[in-house]
Protein chains: 2
Amino acid sequence: MNIGDVARQSGVPAKTIRYYEDIGLIRPNRSENGYRAFTENHVHKLAFLGRARALGFTIEDCRTLLSLYEDENHESMQVKAVAEDHLRQIEEKIAKLQSMRATLAELVEKCAGDHRPDCPIIEDLSPERLAK
Amino acid sequence: MNIGDVARQSGVPAKTIRYYEDIGLIRPNRSENGYRAFTENHVHKLAFLGRARALGFTIEDCRTLLSLYEDENHESMQVKAVAEDHLRQIEEKIAKLQSMRATLAELVEKCAGDHRPDCPIIEDLSPERLAK
DNA sequence: CATTGACCCTCCAGTAACTGGAAGCCTCAT
DNA sequence: ATGAGGCTTCCAGTTACTGGAGGGTCAATG
């Protein structure tokens, strides 16, 4: 199978597939003409990667998950550990963003948004406000 | 004032201050010895930048906000527009992360996390599940 | 007066995960 | 044989810094 077919079937862009080969996530063979030659298994792996990436796992996480996916004797606790760790990081990010949102939403609401210069947003960012 | 003092006073690391000069966010003078020479105004600007970055504004947003901050005749609607846009993007990110969290939390909960290989997380990521 | 330690300087490289684009084969159909 | 796609490699750019090497400067001390 050529890269285009694999891209269509897995949902992973050809460019990204080449990149994944570069960093050693997949290792397709080569045809005589120099084209990458993929198997069904590669399609599976790439779909797996696409799904994992969509869940926000890092490439390094993906590398780990992929090796567990391929390992018949993996223990579910290994997988769970990776996922739990990732979940924690997502929750941290959410918390940080929510705090930003709260501040921003408040400032935006207080700002008249008219032709005058007075603006609580700028004031909040300004250090002079501390001196007042 | 030297960069170290400014870093302490503004809370922005020296390394970052140099970077901000590189990309034209601030323009300190130079002393005869080649050291950057900062004024109080630079400290204000850097503190402003630090605050804006903490709220998640991009550097380009910061550039805009800084110029509005410096412009006596700015209109609050200009500021509000930038902030609203940013707020929208934050909300999008939150939504995306929350959706990831929901999926992940469910999978993590369902995973036994023991020595057996069976794992709903891996299964969810696997494309074979589609064939079943 | 020389040295030491704390500052400061300028590059250069690396981070994460791609993405776009140029230049140039390969293949198949007309 | 020619033209449209598809494939190849390699280089550069994205975001916002951060770390480090190699090397001046300054103030105080022995």
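In this predicted model, helix α3 of chain B, residues 40–54, packs against helix α4 of chain B, residues 59–70, at an angle of about 135°, with the axes 10 Å apart. Axes here are lines fitted to C-alpha atoms, for helices over the stretch in contact, and angles run from 0 to 180 degrees between N-to-C directions. Helices are DSSP runs of H or I with at least four residues, strands are E runs of at least two, and both are numbered from the N terminus. That angle makes α3(B) oblique to α4(B), because angles under 35 degrees count as roughly parallel, over 145 as roughly antiparallel, 65 to 115 as roughly perpendicular and the rest as oblique. Residues touching across the pair include B:F48 and B:L49 of α3(B) and B:L65 and B:L66 of α4(B), where contact means heavy atoms within 4.5 Å.

Next, the two chains. Chain B puts 53 residues into the contact and chain A puts in 53 residues. Two salt bridges are counted between chain B and chain A; the term means a side-chain nitrogen of Lys or Arg within 4 Å of a carboxyl oxygen of Asp or Glu. B:R51 forms a salt bridge with A:D124, with 2.5 Å between the closest N and O atoms.

Over all chains, the whole structure has 18 salt bridges. One of them joins A:E21 and A:R36, at 2.4 Å from N to O. This pair links distant parts of the chain, 15 residues apart: A:E21 lies in helix α2 and A:R36 in strand β2 of chain A.

Some notes on conventions. Residues are numbered from 1 along each chain as its sequence is written, and chains are lettered from A in the order in which they are written. Local features need pLDDT of at least 70 and side-chain atom pairs 80 or more, while totals for chains, interfaces and linings use all residues, and side-chain values use heavy atoms, without hydrogens and water.
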